[in-house]
Structures are given as structure tokens and as C-alpha cells.
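Here is a friendly walk through one chain, told in questions and answers. Each answer sets a value against its cut-off and then draws the conclusion.

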Amino acid sequence: QVQLVESGGGLVQAGGSLRLSCAASGNIFSINAMGWYRQAPGKQRELVAEITSDDDINYADSVKGRFTISRDNGEATVLLQMNSLEPEDTAVYYCHAYELGHVEEWHYWGQGTQVTVSS
């Protein structure tokens with residue numbers, strides 16, 4: 001069992017910055033990857049960034065060069081530094097964790113945090 005709690009969302013003007021934090025608790029040692037997804041009204045949920053236990057990192061093309069994902073606190077927390085924010089970044093951001101066992105896989109989701117970027 002893994003629980004994810006997000007924080008750091010808010011309202012900023014275009015060009016500003018926010019830092020999202022996701023704290024994992026429970027069986028965190030079994031997590032293979034953590035990352036962030038986002039969903040805007042009327043849009044599909046999309047991957048923003050992810051980082052694996054082997055430190056492989058993937059970003060959505062729309063955020064490359066602006067967002068940075070990293071681990072903190074002994075990998076119990078994942079951070080998403082968001083710079084040069086644009087109105088198109090407005091969405092609910094969800095922390096995600098993935099665990100792959102020998103015969104089964106598990107997905108965990110945070111409750112979501114709102115990010116609003118005004119023009």
C-alpha cells in the first residue's frame with residue numbers, strides 16, 4: 001500500500017514559477033517510478049514528467065526546458081519545479097506511482113492539486 005499527498009499548487013501569472021511536491025508513504029521501497037500527470041477541463045489526462053528508480057526521466061514535449069522533476073528526502077518525495085508557466089499549463093496535477101511485482105502491477109494516485117496560470 002502506497003499513499004501519495006501533493007502540495008504546492010496555486011495561482012500564478014504567466015511567466016511565473018511553482019514547485020509541486022508529492023510525499024509518498026507506506027511501502028515506498030517497492031516503487032519503480034513516480035511522476036506527474038495533469039488534466040484540464042475537457043481534456044484527457046496526460047503525462048507531464050516521470051522519474052524511474054534507475055533515474056531515467058521523461059518529459060512531455062510541451063514542458064521540456066521549463067519543468068524539472070527530481071527526488072528529495074531519500075526518494076520519499078518527488079518534486080516538480082515548473083518555470084515559465086503558461087496559461088496552457090492550467091490543470092489539476094496528479095502525482096502517480098507505479099509498482100511492478102513478479103506477477104502483478106499496481107498504480108497509485110494522489111488526490112490532485114490545482115495549478116492555475118493567468119495571462
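**Reading the predicted model**

S17 is placed in the loop between β2 (10-13) and β3 (18-26). Please keep in mind that this is a predicted model.

Q: Why is S17 called partly exposed?
A: Its relative accessibility is 39%. Buried means under 20% and exposed means over 50%, with partly exposed in between, so S17 counts as partly exposed.

Q: What makes V12 a contact of S17, and which other residues join it?
A: A contact needs heavy atoms within 4.5 Å. Leaving aside neighbours within four places in sequence, S17 is in contact with V12, Q81, M82, N83, S84 and L85. For a view across the chain, the C-alpha atoms of S17 and F67 are 9.5 Å apart, while 50 residues separate the two in sequence.

Q: Why is the pair of D55 and R71 called a salt bridge?
A: The closest N and O atoms of D55 and R71 are 2.3 Å apart. The cut-off is 4 Å between a side-chain nitrogen of Lys or Arg and a carboxyl oxygen of Asp or Glu, so the pair qualifies.

Q: What makes D89 and R38 a salt bridge?
A: Their side chains meet at 2.9 Å, N to O, and the cut-off is 4 Å. D89 lies in the loop between β8 (77-82) and β9 (91-100) and R38 in strand β4 (residues 33-39), so this pair ties together parts 51 residues apart in sequence.

Q: Does D89 count as buried or exposed?
A: At 1% relative accessibility, D89 counts as buried, because buried means under 20%. R38 is buried too.

Q: How do you know that R66 and D89 form a salt bridge?
A: The N to O distance for R66 and D89 is 2.8 Å, and the cut-off is 4 Å. The pair links distant parts of the chain, 23 residues apart: R66 is in the loop between β6 and β7, and D89 in the loop between β8 and β9. R66 has a relative accessible area of 11%, so R66 is buried.

Q: Which residues are linked in a network of salt bridges?
A: The network links R38, E46, R66 and D89. Side chains of opposite charge can pair when their charged atoms come close. The count for the chain comes to five salt bridges.

Q: Why is T113 called buried?
A: T113 has 11% relative accessibility. Buried means under 20%, so T113 counts as buried. T113 belongs to strand β11 (residues 113-118). Not counting residues up to four places away in sequence, T113 touches E6, G9, L20, W36, A91, V92 and Y93.

Q: How many helices and strands does the chain have?
A: There are zero helices and 11 strands.

Q: What makes the chain as compact as a globular protein of that length?
A: Its radius of gyration is 14 Å, close to the 14 Å that the globule rule gives for 119 residues, so the chain is as compact as a globular protein of that length. Of the 119 residues, 38% count as buried. Among contacts with a separation of 6 or more, 53% come from residues 24 or more positions apart.

Technical notes: Residues are numbered from 1 along each chain as its sequence is written. This is a predicted model: local features need pLDDT of at least 70, side-chain atom pairs count only at pLDDT 80 or more; totals for chains, interfaces and linings use all residues. Side-chain values use heavy atoms; hydrogens and water are left out. Helices (H or I, at least four residues) and strands (E, at least two) are DSSP runs, numbered from the N terminus. The radius of gyration is taken over C-alpha atoms; the globule rule is 2.2 Å times the number of residues to the power 0.38. Buried means under 20% relative accessible area, exposed over 50%, partly exposed in between (1.4 Å probe, protein chains only).
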